Every structure is written in C-alpha cells, then in structure tokens.
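Hi,

Here is the structure I said I would pass on.

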Amino acid sequence: MEEALREPEEKNRNLIEYANDAIFTLNLNGAFQLVNKKFEEITGFKREEVMGKKMAEIKLIDPEYSELVNQD
C-alpha cells in the first residue's frame, strides 16, 4: 500500500520539478518552501538561496510592493 501511495507522489514531484513554468510555494509566513528548476532558470536564484526567505528579502519583487506582499 505504501508503494501505491509513493508512486503518484513521485510523479507529482517530477511534474512540478520539470514543468515549463516557474512553480513555488510559500509557507504561512510568506517564506519559500518549494521552488522548481524553471524558477531557478527564470529568476537566477538557486533554491538554496531562497528557501526559508521571503520574496522581499531576496529582492524578487519591487520594494514598493514588498509591504503589500508581506500582508498577504
């Protein structure tokens, strides 16, 4: 049964990792918890640089909008 559950999980992980779009997730504090390869390619940031940080911390967004993003 565990094997049956692992297979779809791995498939979904691969779909995210190799998607043609940048995909990321943020935790409830607004910090990155997942980024895929396309995110790294588009932004120039390696996942090690962004994990656990907020968008404003890595200057991914214009400072004018950082407060708005932090509120959401």
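E9 is partly exposed, with a relative accessible area of 46% (buried means under 20%, exposed over 50%, and partly exposed in between, using a 1.4 Å probe and protein chains only). Its salt-bridge partner is R13, with the closest N and O atoms 2.8 Å apart; by salt bridge I mean a side-chain nitrogen of Lys or Arg within 4 Å of a carboxyl oxygen of Asp or Glu. R13 is partly exposed too, at 47% relative accessibility. Helices here are DSSP runs of H or I with at least four residues, strands are runs of E with at least two, and both are numbered from the N terminus.

Before I go on, a word on where this comes from: it is a predicted model, in which local features need pLDDT of at least 70 and side-chain atom pairs count only at pLDDT 80 or more, while totals for chains, interfaces and linings use all residues. Residues are numbered from 1 along each chain as its sequence is written, and side-chain values use heavy atoms, with hydrogens and water left out.

Back to the charges. The salt-bridge count comes to four. One of them joins R47 to E17, and their closest N and O atoms are 2.7 Å apart. R47 lies in helix α3 (residues 47–50) and E17 in helix α1, so this pair ties together parts that are 30 residues apart in sequence. E17 is buried, with a relative accessible area of 16%, whereas R47 is partly exposed at 22%.

Another salt bridge runs between K38 and E41, with 3.1 Å between the closest N and O atoms. Both residues are in helix α2 (residues 37–43), three residues apart, or about one turn of the helix. E41 is exposed, at 58% relative accessible area. There is also a network: salt bridges with shared partners join E17, E40 and R47.

Now the greasy side of things. In soluble globular proteins, nonpolar side chains tend to be buried together. Which residues make up the largest nonpolar core? They are F32, V35, F39, V50, M55 and I58, six in all (a nonpolar core is a set of buried Ala, Val, Leu, Ile, Met, Phe, Trp, Tyr and Cys residues joined through side-chain atoms within 4.5 Å). If neighbours within four places in sequence are set aside, V35 is in contact with E17, I23, F24, R47 and V50, where contact means heavy atoms within 4.5 Å.

As for the overall picture, the protein has four helices and two strands, in the order α-β-β-α-α-α along the sequence. Its radius of gyration is 15 Å, well over the 11 Å that the globule rule gives for 72 residues, so the protein is more spread out than a compact globule. That radius is taken over C-alpha atoms, and the globule rule is 2.2 Å times the number of residues to the power 0.38. The C-alpha trace spans about 50 × 25 × 20 Å along its principal axes. Buried residues make up 15% of the 72 residues. Among contacts between residues at least 6 apart in sequence, 11% join residues at least 24 apart.

Cheers
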